[in-house]
Amino acid sequence: MGSTEKKSVPFNGTAEQEKALREVIAAHKDQQGALMPILQQAQDIYGYLPIEVQTIIAEETGIPLEKIYGVVTFYAQFSLFPKGKYKISVCLGTACYVKGSGDLYNKLKEKLSLEDGECTPDGKFSLEACRCIGACGLAPVLTINDDVYGKLTVKDLDDVLAKYAD
Amino acid sequence: MVNIKINGIEYSVEEGTTILEACRANGIRIPTLCWLKDINAIGACRICVVEMTGARSLVASCVYPLSKFDEGKNILTHSPAVLESRKMTLQLILSNHNMDCLACSRSGNCELQQLCKELGVDNSTYFEGAKNEYDIDLSAKHMYRDNNKCILCRRCIAACGITQDIGVIGANNRGFNTSVACAFEMPLAETACVSCGQCITACPTGALSEKDDTDKVWAALADPEKVVVVQTAPAVRASLGEAFGYEMGTPVEGKMVAALKRLGFNAVFDTNFGADLTIMEESHEFLDRVTNGGVLPMITSCSPGWIRYCEAYFPEFIPNLSSCKSPQQMNGAITKTYWAQKMGIDPKNIVSVSVMPCTAKKFEIGRDDQSAAGVPDVDIAITTRELVKMINKAGLRFRDLPDEKADSPLGTGTGAAVIFGATGGVMEAALRTAVWKLTGENADSPIEFNDVRGVEGIKMAEYKVGDLTVKVAVVSGLANAKKFLTQVKNGEVECHFIEIMACPGGCVNGGGQVIQPADVHNFTDIRAERAKALYSLDNANTVRKSHESADVKEVYENFLGEPGSHKAHELLHTTYKASNLSK
């Protein structure tokens, strides 16, 4: 449910990445419970776990693709979408939330046409909610890569995004 | 042994027995939703909870094995706490269920509905809150999935992933967002689902159902321009009676034929005739492969679920598949060629309907190279369950119908044909004819080949015929097929002829048969019970070898020529191709 209409970012996996993935699979293949370490390392290699990557894992291990997808969508640590060039994280911790970070988050979803965890098709922005980042004094807070923006209102968002026009 | 009390009464049970089984053995049915013996003991639904001395909370009886530590404990199976808990569990399930009971495919045969009735849970709103809404997946030809009725018991996932070792459906996402679906939420039709329908017969509710094609049949029956013929697969007569209160394993062939005539079909045929033709062609093909160095082992091609499996998962065995169409398709092909000519009917005006224990037959009728007369051999395939619906809709009092006979020539069948519906049946039927041929067409050649009978998933046997030793194998259920074919591939077993059926136990346990609740599945071997009906029909038949059928002989003499003739090949054989669907 809900995830049927995700934005698709073209898959740009390289031959080196695939080689590394196949090595990881070969190293774990015959272990019991191999799927979790394979997925974790696959995500380290690619940054996310698109259908192309999961299909290679399915073919090499003989585990049905659906079972792999079920595990990937169960654990929050796995992502089906790449991170953007600019990774926006909106703090939905208690302090930020009561100060209106939920509105910021919803406005960004609307502006960028993204759902949680997704990336714009041009690969520029990805959006995710995060937990307390320890900057409650600045609440509500969001980060874009390593830049921290605090005491924001919905009206400030256009100016913030404009800084990442390139 | 462990001594326990159930509701204060003392019993002694084998160590390792679950509470649920111990209760059952002593006359108490503990209700369940998620438990399916051997494949789904996950304690997830919490319906089977009981109270137990010393336990902190209620215990899921389906996954609690009794041990020496339970000595002397008292188990309460219907205390107020137990009943209240079960009731609340049902209320919580219903809080995220669409309760669309009136015309639901499973109304009256729904395990959730039945439990609500037993525990006094009605359609009041017990819990206000979010409700999931799902689109219905209508993509596949044979079935649909309506997750608005799904209770997440995971029985379908076990049927697909464990019984069949396929796993194209599973649980996606987490918590309240969990749903049963395919990888990347792709439609079922884009996956390598083989259409076996085992998930449907495992489903306790109406979340999974065959596509209902009965409206098409009603429309054809009402059309004065059309000649509507029907054929019924061997296994249908072994299960149909269950829907009308007969004990499992009661053959109801005569009443089934009477019902079909009263529904208005212009001719009532029998897939058994197609099965006899299959044996003529397949045994010829087998002996031809043996004597002329053809590809061996040869593998049967009657089960369309198995064919789809082979094409998707073991394409390297495609050359091993018999080129014979399935009995359904052979019957349809002969109907629209031989019978159409004989009766002077344009095949385009014939609507050929089949009643099958199988959901994959709905897929098979649309396959390539299945149109002997230039029009599809079979136009509409309905399941045993859909026939039940038609009989009920027409108000036919099934039990009051007389026993009638199907029409000749395409409505007759030998004992060899009727056992096609049980695992090992095709092999035995083929052996009856092949051994007869190999022993110089000796009329006293053996009839019964008991080694290939029975519900075991993999059976092997060896027969010495003249100087030839024929090694055969019979496999049912796709997990077994995977295991066995892997052995064949690795050269670990050697055989000449393999029968493979997609469903465990063969067609009697097909995905289109009358659905029995888990409570019956868990304590009765449905495969064996239904098979008894077919072997009793075989025994009662005066003609038990396909080549002895007078009608089959006539079709060969007047129309097809010899088995394996050019014409037979044109009409009764087909082709396969590897498929690349998502696995």
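The buried residues of H4(A) pack against helix H2 (35-46) and H3 of chain A, together with strand S7 (170-172) of chain B. Packing here rests on contact, defined as C-beta atoms, placed from the backbone, within 7 Å. A residue is buried if 20 or more other C-beta atoms lie within 10 Å of its own, exposed if 12 or fewer, and partly exposed in between; these C-beta atoms, too, are placed from the backbone. Helices (H or I, at least four residues) and strands (E, at least two) are DSSP runs, numbered from the N terminus. The model is predicted: local features need pLDDT of at least 70 and side-chain atom pairs count only at pLDDT 80 or more, while totals for chains, interfaces and linings use all residues. Residues are numbered from 1 along each chain as its sequence is written, and chains are lettered from A and ligands numbered from 1 in the order in which they are written.

H4(A) is largely enclosed by the rest of the structure, because eight of its 10 residues are buried. The buried residues are A:Leu65, A:Glu66, A:Lys67, A:Ile68, A:Tyr69, A:Gly70, A:Val72 and A:Thr73. In total, 14 residues of chain A are in contact with 18 residues of chain B. Helix H3 (51-61) and helix H4 (65-74) of chain A each supply at least two residues of the chain A side. H4(A) has the largest share, seven residues. By class, this side holds seven nonpolar, five polar and two charged residues. Ala, Val, Leu, Ile, Met, Phe, Trp, Tyr, Cys and Pro count as nonpolar, Asp, Glu, Lys and Arg as charged, and the others, Gly among them, as polar.

Chain A has seven helices and four strands. Their order along the sequence is α-α-α-α-β-α-α-β-β-β-α. The chain is divided into domain 1 (10-74) and domain 2 (86-162), with bounds from an automatic or database domain assignment. The C-alpha centres of these two domains lie 30 Å apart. Along the principal axes, the C-alpha atoms of chain A fill a box of roughly 55 × 30 × 30 Å. Of its 166 residues, 28% count as buried. Among contacts in chain A with a separation of 6 or more, 63% join residues 24 or more positions apart.

Chain B is divided into domain 1 (2-93), domain 2 (98-210) and domain 3 (215-572). The C-alpha centres of domain 2 of chain B and domain 3 of chain B lie 30 Å apart. Across this boundary, 20 residues of domain 2 of chain B are in contact with 28 residues of domain 3 of chain B. Helix H4 (155-163) and helix H5 (198-202) of chain B each supply at least two residues of the domain 2 side. H5(B) gives the most, with three residues. The domain 2 side comprises eight nonpolar, eight polar and four charged residues.

Four strands of chain B form an open sheet with mixed pairing, in the order S12-S17-S16-S15. Strands pair if DSSP finds at least two bridges between them. Strand S12 (298-299) and strand S15 (458-465) of chain B are the edges, each pairing on one side only. S15(B) and strand S16 (residues 468-476) of chain B are antiparallel and share eight bridges. B:Val465 stands opposite B:Leu468 in S16(B). Helix H15 (residues 425-438) of chain B lies across S15, S16 and strand S17 (497-501) of chain B, at about 10 degrees to S15(B). Axes are lines fitted to C-alpha atoms, for helices over the stretch in contact, and angles run from 0 to 180 degrees between N-to-C directions.

The largest nonpolar core has 195 residues, of which B:Cys156 and B:Leu534 touch the most other members. H15(B) gives the most to this core, with nine residues. A nonpolar core is a set of buried Ala, Val, Leu, Ile, Met, Phe, Trp, Tyr and Cys residues joined through C-beta atoms within 7 Å. Leaving aside neighbours within four places in sequence, B:Leu534 is in contact with residues including B:Pro234, B:Val418, B:Ala422 and B:Val508. Another core, of 14 residues, lies apart from the largest one and includes A:Ile88, A:Cys96, A:Phe125 and A:Tyr149.

B:Gly8 is found in the loop between strand S1 (2-6) and strand S2 (9-13) of chain B. B:Gly8 counts as exposed because it has 8 C-beta neighbours inside 10 Å. B:Gly8 and B:Lys73 are 65 residues apart in sequence and, C-alpha to C-alpha, 9.3 Å apart in space.

Conventions
Contact = placed C-beta atoms within 7 Å.
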